[in-house]
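Have the sequence and the 3D view open as you read.

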Amino acid sequence: MNQMDLKDLGWKDFFQEQMDSLELEEVFPGRVARTGPGILGLLTEEGEIEARVSGRLKQKSVSASELPGIGDWVLYKPLESGNMVFLVLERTSKISRKVP
């Protein structure tokens, strides 16, 4: 995998402060580059990886807009069963479509 600098992908102090405030261990940031059925493509310091959205994150999301979308920063944890996204960091901006 190719090493990436998160700052080149848009990582800012705003996101780092959110991550630091959680005081979690063994979690890493990633930027959602693609979405698919059950799988996200994340850009990370280690390169592009695949991850699944945790069941808890899916259950507590009231609407689809609360789930990870392309461009979002998320926190993931490497597990034996694969990488798991468990939190979408607060967004600095959002582009969405109106419901017709």
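## Surface and charge

The protein's accessible surface comes to about 7100 Å² (Shrake-Rupley method, 1.4 Å probe), and carbon and sulfur atoms account for 50% of that. Keep in mind that this is a predicted model, where local features need pLDDT of at least 70, side-chain atom pairs count only at pLDDT 80 or more, and totals for chains, interfaces and linings use all residues. Residues are numbered from 1 along each chain as its sequence is written, and side-chain values use heavy atoms, with hydrogens and water left out.

On the charge side, there are 13 positive and 16 negative side chains, counting Lys and Arg as positive and Asp and Glu as negative, without His or the chain ends. The centres of the two sets sit 11 Å apart, with each charge placed at NZ of Lys, CZ of Arg, CG of Asp or CD of Glu.

## Overall build

The protein has 2 helices and 5 strands, in the order α-β-β-β-α-β-β. These are DSSP runs numbered from the N terminus: helices are H or I, at least four residues, and strands are E, at least two.

## Helix 1

Which residues of helix 1 (residues 13–22) are buried? They are F15, Q18 and M19, buried meaning under 20% relative accessible area and exposed over 50% (1.4 Å probe, protein chains only). Their cover includes strand 1 (28–36) and strand 4 (73–79). On the other side of helix 1, D13, E17 and S21 are exposed. After helix 1 comes E23, with a positive phi near 50°.

Terms used: Contact means heavy atoms within 4.5 Å.
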